[in-house]
Amino acid sequence: MERCEQLYQFWLQDRANNTLLADLLSVLSAAKEFELLSRVFEQLEPISQELPFVKLYKLQTLMMQRDLDRAGALIEIYRQEFIGNDSFTYLAAQNWFLQKNYTMVLSELGDKTLDSELYVQLAARCHYLQCSYQTALQIIENFTLSQPELSAATIGLYAAALADSGNSKNAWDAAQQALAIDPCQVDALLASAYLLIDQQRYTEATFYIQKGLEEAPSLGRFWSMLGQVKLVEGNLTAADDALERSVLLMPDHVGTWLLKGWSNWLQNRLSQAEADFKNALLLDRNFAESHAAIAAVLFKLDQRDAAELSLAKARRLNPSSITIVYVESLLAEADGQLELAQAKLDALLTQPHYSGNGTYKDVLTHVIHQQRQ
């Protein structure tokens, strides 16, 4: 702050010095000194207000302050003046990105994604956030044909897209490559934690999760993964805290609502569990696990008919759902059909785990072994 103030006072003595002005705006923007930036813009010489770099800094400052409506208005005022300007194109696209309007981001970028790595990252991330992982991967791979040397940020995003698309081996290699360049690269930390959780290597995953939270504490997916790990470890208090943070940061993530619901269910907080499962259902009414989870709660609440109805909906959507088998075993046990209940549990445990690492029994055995160490 002291350096920023000194530089500002120095500029006040020579406001016609545009080189000094450019340095001042750069330093203040990097330090996010918005009050000083506002004072600079108010005290600009009339001729300086028309400088292209000054207009771009004004636009960038509004975006950094999340004043996206004013930024959008300024973009339209400047659009004709900045046709073909890469910095303006990126800022205009980023303003849409901050509004989560990914269609307009891609429209702003057009066919320019091979021109700049920043364009590549922004376009690929838009597709990634819309779960179009293959498209995101293709954008990055096309760019590597002309630019084989990628930044850690691009490689990390590539790793995350590979991980979410199920390409575990290549995802791990890409994540470690990104982290070798930048040990704090958030996408690579995310991908690494996700892949390790899939392999039930929870202690190792926690290292990447904690590092990720240090770098990006507002990224809900890290909190969700931490909640999942704590749930597996049986630390339900810590799981509750992490999952609560996660749903506040990303309220549209179905998996986190389900994890939160199961944590409440395990603690016999049935009304809260039901509310969490219903939140998951509101986000995706065609996900069998949500219907089956609600059936589990209704069974606990002695609402057998309602539980059967929810279970029937789940079966229509995915008859091989793990949660369905579990609830069916509960119902069979309640009816005194102990052998049938055990058979269903045995069938569940011998199913291949979704990660490809053995059966569900193998996974549970591994977790229990870890907890005993």
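In the predicted model, serine 310 is located in helix α19, which covers residues 304-317. The relative accessible area of serine 310 is 11%, and because the limit for burial is set at under 20%, this residue is classed as buried. When residues up to four places away in sequence are left out of account, serine 310 touches His291, Ile294, Ala295 and Leu298.

Lysine 300 belongs to helix α18, which comprises residues 288-300. With a relative accessible area of 38%, lysine 300 is partly exposed, since the value falls between the 20% limit for buried residues and the 50% limit for exposed ones. Apart from residues up to four places away in sequence, lysine 300 touches Trp265, Asn268 and Leu270. Between lysine 300 and isoleucine 140, which are separated by 160 residues in sequence, the C-alpha to C-alpha distance is 49 Å.

A further position examined was alanine 159, which is placed in helix α10, a helix formed by residues 152-164. Alanine 159 has a relative accessible area of 0% and is therefore counted as buried. Its contacts, leaving aside neighbours within four places in sequence, are with Ala171, Ala174, Ala175 and Ala191. The C-alpha atoms of alanine 159 and alanine 188 are 6.2 Å apart in space, although 29 residues apart in sequence.

For the protein as a whole, the secondary structure consists of 22 helices and zero strands. The C-alpha trace spans about 90 × 40 × 40 Å along its principal axes, and 46% of the 373 residues count as buried. Of the contacts between residues at least 6 apart in sequence, 51% join residues that are at least 24 apart. The accessible surface comes to about 19100 Å², and carbon and sulfur atoms account for 52% of that area.

In soluble globular proteins, nonpolar side chains tend to be buried together. In the present model, the largest nonpolar core contains 51 residues, of which Val105, Leu109, Leu122, Tyr128, Ile197, Ile209 and Met225 touch the most other members. Helix α12, made up of residues 186-198, gives the most to this core, with eight residues. As for leucine 109, which is listed among the members of the largest core that touch the most others, contacts beyond four places in sequence are made with Thr89, Ala93, Tyr119, Leu122 and Ala123.

Attention was also given to the second largest pocket, which has a volume of about 170 Å³. The lining of this pocket is formed by Ser38, Phe41, Lys58, Thr61, Leu62, Gln65, Arg70 and Leu74. Helices α3 (34-42), α4 (52-64) and α5 (68-78) each supply at least two residues of this lining, and α4 gives the most, with three residues. In terms of residue class, the lining of the second largest pocket divides into three nonpolar, three polar and two charged residues.

Methods. Residues numbered from 1 in each chain as written. Predicted model: local features only at pLDDT ≥ 70, side-chain atom pairs only at ≥ 80, totals over all residues. Heavy atoms only, no water. 1 Å grid on protein atoms, 1.4 Å probe; cavity = no way out; pocket = protein on both sides within 12 Å on 5 of 7 lines; lining within 4 Å. Points joined across faces, edges and corners; volume = space filled by probe spheres on them. Helix = DSSP H or I, 4+ residues; strand = E, 2+ residues; numbered from the N terminus. Nonpolar A, V, L, I, M, F, W, Y, C, P; charged D, E, K, R; others polar. Buried < 20%, exposed > 50% of the residue type's maximum accessible area, 1.4 Å probe, protein only. Contact = heavy atoms within 4.5 Å. Core = buried A, V, L, I, M, F, W, Y, C linked by side-chain atoms within 4.5 Å. Areas by Shrake-Rupley, 256 points an atom, 1.4 Å probe, with all protein chains shown as cover.
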